Amino acid sequence: MKKIILILAIIWGATLLTEAQKPADNKATKETFTLLKELSSNIGKGIMIGHQDDLVYGHSWNVEGISDVKKTVGDFPALFGWELADVELGHPLSIDGVDFSIMKSKIQWVNAQGGVNEISWHCNNPLTGANAWDVTSKVVVKSVLPGGEKNELFVKMLNKLADFFLSIKDEKGNLIPVVFRPWHEHTGSWFWWGQNLCSSDEYIALWKYTVSQLQGHGVHNLLYAYSSAGGPKDANGYLERYPGDNIVDLLGFDEYQNGVNGKASFIKSVAQGMNVIIPLAKEHHKIAILAETGLETLPDPKWFTETLWPAIKDYPIAYVLFWRNAHDKPNHFYVPYPGQTSEGNFKEFEKIDRTLFLHDLQHSIK
Ligand code: BMA
């Protein structure tokens with residue numbers, strides 16, 4: 001009897017282990033499995049450093065130029081964030097002016113280099129026709145779900161999104177796997193899918209519907225990331241709008257430091273949030289991340305090594321993503337550019353063994 005129990009326990013343990021390595025999408029492509037494994041196996045080595053729109057523009061340059069990260073530290077980020085807002089409208093350029101065909105070629109480049117691609121989506125408001133920040137109506141989510149007046153339009157928008165995901169292919173014609181992070185910062189109320197704009201049931205239905213439409217279109221090259229606005233205070237709050245283990249692969253939150261004086265509260269919120277998501281990630285066999293972060297304009301010249309790194313270094317997270325360096329808004333940037341006050345500090349940050357940039361990933365592959 002004891003033997004049988006032992007054997008059953010081992011089998012159960014083995015099942016947990018394999019489950020831990022599976023994407024939530026049970027039809028996920030081979031390459032998506034590999035991406036998941038790469039994200040989880042890198043956790044032991046360090047934290048991948050990411051930057052939004054890194055290859056297509058930066059502080060005071062647009063399209064033609066080189067990554068601000070590469071220019072300051074001599075290496076590219078390990079993870080590259082991209083934004084799809086306006087793809088759902090059929091526009092050739094993203095909300096931030098990035099040509100989608102250029103974005104695709106950069107996604108291919110990143111993939112060929114062994115880097116990771118992550119995609120966010122500030123979806124336009126299907127009910128009002130304005131952008132994601134239009135929170136004038138509380139029935140937008142309801143209106144896009146089946147039976148709602150904008151459902152047909154929303155399906156068309158999701159089809160355009162699906163077309164994009166099905167068009168990112170590597171040189172062999174295989175679909176490139178990416179981390180997709182829709183409906184983010186939902187615990188704030190500044191997007192039409194936010195906390196006070198829909199019920200928990202509606203929000204969860206929005207996620208499920210999005211994923212089922214994409215999968216119905218044959219999209220199986222995505223790992224899905226769930227990220228709240230700010231470090232969650234407790235597990236119940238964090239899970240209140242969680243769409244489910246069969247939908248989500250990565251658990252995270254977005255947390256920014258608000259000005260130089262925001263240091264203490266940033267450190268506190270990151271710790272608080274990590275103490276919620278790390279145990280949850282373990283329990284649910286998911287990957288923890290710091291989904292978006294930064295200190296706009298970097299007024300603190302030691303921010304990377306004395307605030308950010310101490311705040312995250314002891315947590316097993318796969319990556320941290322710094323937000324974009326806008327080319328047309330001089331005060332909207334989150335990584336240094338040559339000559340900026342934090343340049344030296346960012347170089348020091350890169351030298352830390354456990355901050356993973358592109359070369360570090362390439363070394364670990366070989
Ligand atoms: C915000 C800002 C905006 C941008 C949007 C989508 O945080 O950076 O300027 O349009 O993200 O990328």
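Because the model is predicted, local features need a pLDDT of at least 70 and side-chain atom pairs count only at pLDDT 80 or more, while totals for chains, interfaces and linings use all residues. Residues are numbered from 1 along each chain as its sequence is written, and side-chain values use heavy atoms, with hydrogens and water left out.

**The ligand and its surroundings**

- An N or O atom in the side chain of Arg324 is 2.8 Å from an oxygen atom of the ligand, and for an N or O atom in the side chain of Lys329 the distance to an oxygen atom of the ligand is 3.0 Å.
- His332 places a polar side-chain atom 2.6 Å from an oxygen atom of the ligand.
- Taken alone, the ligand exposes 310 Å², and the protein buries 81% of that; accessible areas come from the Shrake-Rupley method with a 1.4 Å probe, and for residues only the protein chains shown count as cover.

**The loop between E4 and H4**

- Ile95 has its place in the loop between strand E4 (79-83) and helix H4 (100-113), where helices (H or I, at least four residues) and strands (E, at least two) are DSSP runs numbered from the N terminus.
- With a relative accessible area of 34%, Ile95 is partly exposed, and together with Trp133 and Trp190 it forms a nonpolar patch on the surface with about 290 Å² of accessible area.
- Patches are made of residues with over 30% relative accessible area and no salt bridge, with like charges joined within 9 Å and nonpolar side chains (Val, Leu, Ile, Met, Phe, Trp, Tyr) within 5 Å.

- Helix H10 (residues 303-312) is mostly covered, as eight of its ten residues are buried, among them Trp303, Phe304 and Trp309.
- Glu306 also lies in helix H10, but this residue is partly exposed, with a relative accessible area of 44%.
- Pro336, in the loop between strand E10 (319-322) and helix H11 (343-351), is buried with a relative accessible area of 0%, and its C-alpha atom is separated by 7.3 Å from that of Val69, although the two are 267 residues apart along the chain.

**Salt bridges**

- A search of the whole structure finds nine salt bridges, each being a side-chain nitrogen of Lys or Arg within 4 Å of a carboxyl oxygen of Asp or Glu.
- Lys347 and Glu343 meet in a salt bridge (3.6 Å, N to O), and both lie in helix H11, four residues apart, about one turn of the helix.
- An α-helix has 3.6 residues a turn, so residues three or four places apart point the same way.
- Lys347 counts as partly exposed at 34% relative accessibility, whereas Glu343 counts as buried at 19%.
- Asp314 forms a salt bridge with Lys313, with the closest N and O atoms 3.3 Å apart; Asp314 counts as exposed at 59% relative accessibility, and Lys313 as partly exposed at 31%.
- Lys30, which is exposed with a relative accessible area of 63%, forms a salt bridge with Glu31, and their closest N and O atoms are 3.8 Å apart.
- Glu118, Arg181, Asp254 and Glu292 are linked in a network of salt bridges.

Terms used. A polar contact is a pair of N or O atoms within 3.5 Å; within protein, one must be able to donate a hydrogen and the other to accept it, and residues adjacent in sequence count only if both atoms are side-chain atoms. Buried means under 20% relative accessible area, exposed over 50%, partly exposed in between (1.4 Å probe, protein chains only).
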